[in-house]
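Trainee: I would like to learn how to read side-chain pairs, cores and strand pairing in a model. Can we take the features one at a time?

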Amino acid sequence: MKKKAVIQTHKVQFKLYAPTATAVSLVGDFNKWSPVKKPLKKNAKGEWLTRVILPEGEHQYKYIVDGNWVNDPGAVKFSDNCMGGSNSVRVV
């Protein structure tokens, strides 16, 4: 009997400073780019936060801020996308 490979997962925090925004969602390859699956919650400092459990590897993502798709200004890595732009990349 073959052993199943154990996939390591990690709880990853995503944070975006957008004090004037009224709605922020996290979209990425980990949620099929769905804006309704991961809305963020705003704290008193104007930061929008959420946590996602992700497997090890690279994950492309963006934020949707009041209907506008934006990269994470805090990201250290980006990848070209098929829309002529780029996506933020989180390495777990």
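Trainee: Which residue forms a salt bridge with Lys15, and how far apart are the closest N and O atoms?

Mentor: First, the conventions. This is a predicted model, in which local features need pLDDT of at least 70 and side-chain atom pairs count only at pLDDT 80 or more, while totals for chains, interfaces and linings use all residues. Residues are numbered from 1 along each chain as its sequence is written, and side-chain values use heavy atoms, with hydrogens and water left out. A salt bridge is a side-chain nitrogen of Lys or Arg within 4 Å of a carboxyl oxygen of Asp or Glu. By this rule there are two salt bridges. The partner of Lys15 is Glu47, and their closest N and O atoms are 3.9 Å apart. This pair links distant parts of the chain, with Lys15 in strand E1 and Glu47 in strand E4, 32 residues apart. Strands (E, at least two residues) and helices (H or I, at least four) are DSSP runs, numbered from the N terminus.

Trainee: Is Glu47 buried or exposed?

Mentor: Buried means under 20% relative accessible area, exposed over 50%, and partly exposed in between, with a 1.4 Å probe and protein chains only. Glu47 has 17% relative accessibility, so it counts as buried. Lys15 is at 44% and therefore counts as partly exposed.

Trainee: What is the distance in the salt bridge of Lys77 with Glu58?

Mentor: The closest N and O atoms of Lys77 and Glu58 are 2.3 Å apart. Lys77 lies in the loop between E6 and E7 and Glu58 in strand E5, 19 residues apart, which again links distant parts of the chain. Lys77 has a relative accessible area of 33% and is therefore partly exposed. Glu58, at 48%, also counts as partly exposed.

Trainee: How many aromatic pairs does the structure hold?

Mentor: A pair of aromatic rings is described by the distance of the centres and the angle of the planes. Rings of Phe, Tyr and Trp (its six-membered ring) pair if their centres lie within 6.5 Å; planes under 30 degrees apart are stacked, over 60 edge-to-face, and the rest tilted. The structure holds four such pairs. One of them is Phe14 with Phe30, a tilted pair at 6.0 Å centre to centre and 35 degrees between the planes. Phe14 is in strand E1 (residues 9–17) and Phe30 in the loop between strand E2 (24–28) and strand E3 (41–42), 16 residues apart. Phe14 is at 0% relative accessibility and so counts as buried, whereas Phe30 is partly exposed at 23%. Another pair is Trp33 and Trp69, which is stacked, with 6.4 Å between centres and 25 degrees between planes. Here Trp33 sits in the loop between E2 and E3 and Trp69 in strand E6 (residues 68–70), 36 residues apart.

Trainee: Which residues have the most contacts inside the largest nonpolar core?

Mentor: In soluble globular proteins, nonpolar side chains tend to be buried together. A nonpolar core is a set of buried Ala, Val, Leu, Ile, Met, Phe, Trp, Tyr and Cys residues joined through side-chain atoms within 4.5 Å. The largest one has 15 residues, and Phe14, Val24, Leu26 and Tyr63 have the most contacts inside it. E1, E2, strand E4 (47–55) and strand E5 (58–65) each supply at least two of its residues.

Trainee: In what order do the strands of the open sheet lie?

Mentor: Two strands pair if DSSP finds at least two bridges between them. Three strands form an open sheet in the order E1-E4-E3, with antiparallel pairing. E1 and E3 are the edge strands, each pairing on one side only. E1 and E4 pair over nine bridges, and Phe14 stands opposite Thr50 in E4. Elsewhere, E5 is joined by four bridges to strand E8 (residues 86–91), running antiparallel, and Tyr61 stands opposite Ser88 in E8.
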